[in-house]
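Q: Here's a model I'd like to go through with you. Could you take a close look at one spot in it, and then work outwards from there to the rest of the fold?

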Amino acid sequence: MALLLLTILQVGVGLLALPIHALAFVGLWAPICRRLFPPIMTVVSWYYNKKMREHKKALFGNLGDFARPSGEIALLEIGGGTGANFQFYPPGCKATFVDPNPNFQQYLRKSLAKNGHVECQRFLVAPGEEMCQVATASVDVVVCTLVLCSVHNVDAVLREIKRVLRQGGGFFFLEHVAAHHSSWSCFFQQVYQPTWLHLLSGCHLTRETWKNIEEAKFSELKLRHIDAPLKWNPARPHIIGYAVK
Ligand SMILES: C[S@@+](CC[C@H](N)C(=O)[O-])C[C@H]1O[C@@H](n2cnc3c(N)ncnc32)[C@H](O)[C@@H]1O
């Protein structure tokens, strides 16, 4: 019965976005979405930062613990998008950005211009699963926010994060995740999932990403489940924290 209701609601939501499903079916939606996603993310990130400011401030307030004696932090941001996190970084960050979508670059540069305390060393067009241009044990901190929901292979990205981090380096994350499986939120995440995936460039609402991070065997893990203050948003359940290599 529940499965039938779920299917009916999924089809109903899908019908509302029929043109997008049709374009996706013939393979035309992905290139359009790659172009449209960066300007859309500029607006989404502005709103998200407004709502999540205190959480981000508290999270990135710990970045300094991973600085070198000189005060510099070699930071790698995976899926940096529009550069929404730069305002929360402390001075002394020498950053490398990895993103498979080159259309984000112009938006990221605008954010860099506003945040002069962040020094951009490289922008690499690559997926987080294959960051071969980043040397092993070369970075102090890796940052992922709202990225592990979209990557093709979460475990492969986590393996790459552990490879590029120096011993004692920190992996900082803030990700939306699956709701508790017996909740209505979880039911509605499943209702929206097929359409959400196309609308938001491959974003999964129902990933239990905390399990991947726990199984990645970092030496220390500080992970909290929180409800983001995003009213009526199926991506409310979040995890936030950092892991130490
Ligand atoms: C929802 S946006 C989040 C952007 C930014 N991190 C933020 O918090 O505003 C998702 C980002 O992940 C990137 N992305 C998608 N698949 C990826 C992958 N396999 N490896 C690295 N980044 C990826 C997208 O291009 C996009 O920049």
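How many C-beta neighbours does Ala 137 have inside 10 Å, and does Ala 137 count as buried or exposed?

A: Bear in mind that this is a predicted model. Ala 137 has 12 C-beta neighbours inside 10 Å, so it counts as exposed; the cut-off for that is 12 or fewer. Its backbone deserves a look too: phi is positive, about 55 degrees, although the residue is not a glycine. As for where it is, Ala 137 belongs to the loop between β3 and β4, the latter covering 139-145.

There's a second case like this. Lys 217 is not a glycine either, yet its phi is positive at about 60 degrees. You'll find Lys 217 in the loop between α7 (209-215) and β6. With 11 C-beta neighbours inside 10 Å, Lys 217 counts as exposed as well.

The open sheet has 7 strands in the order β3-β2-β1-β4-β5-β7-β6, and the pairing is mixed. β3 (118-124) and β6 (220-227) are the edge strands: each has a single partner strand, so one side of each is left without a neighbour in the sheet. On average, neighbouring strands here are turned by 15 degrees against each other, direction ignored.

Let's zoom in on the β6 end. β6 and β7 (residues 237-244) run antiparallel and are joined by 8 bridges. Lying across β5 (165-176), β6 and β7 is helix α3 (residues 29-60), which runs at about 170 degrees to β5.

Then there's the ligand. The shell around it holds 21 residues, and Gly 79, Gly 81, Pro 127, Gly 128 and Thr 145 come nearest. By type, the shell divides into 10 nonpolar, 9 polar and 2 charged residues.

Stepping back to the whole chain, the secondary structure comes to 7 helices and 7 strands. From the N terminus on, they run α-α-α-β-β-α-β-β-α-β-α-α-β-β. The radius of gyration is 18 Å, close to the 18 Å that the globule rule gives for 245 residues, so the protein is as compact as a globular protein of that length. Along the principal axes, its C-alpha trace spans about 60 × 35 × 35 Å. While Ala 137 counts as exposed, 36% of the 245 residues count as buried. And if you're sorting contacts by sequence separation, take those with a separation of 6 or more: 72% of them are between residues 24 or more positions apart.

Methods
Residues are numbered from 1 along each chain as its sequence is written. This is a predicted model: local features need pLDDT of at least 70, side-chain atom pairs count only at pLDDT 80 or more; totals for chains, interfaces and linings use all residues. Two strands pair if DSSP finds at least two bridges between them. Helices (H or I, at least four residues) and strands (E, at least two) are DSSP runs, numbered from the N terminus. Axes are lines fitted to C-alpha atoms, for helices over the stretch in contact, and angles run from 0 to 180 degrees between N-to-C directions. Two residues are in contact if their C-beta atoms, placed from the backbone, lie within 7 Å. A residue is buried if 20 or more other C-beta atoms lie within 10 Å of its own, exposed if 12 or fewer, and partly exposed in between; C-beta atoms are placed from the backbone. The radius of gyration is taken over C-alpha atoms; the globule rule is 2.2 Å times the number of residues to the power 0.38. A residue is near a molecule or strand if its C-beta atom, placed from the backbone, lies within 6 Å of it. Ala, Val, Leu, Ile, Met, Phe, Trp, Tyr, Cys and Pro count as nonpolar, Asp, Glu, Lys and Arg as charged, and the others, Gly among them, as polar.
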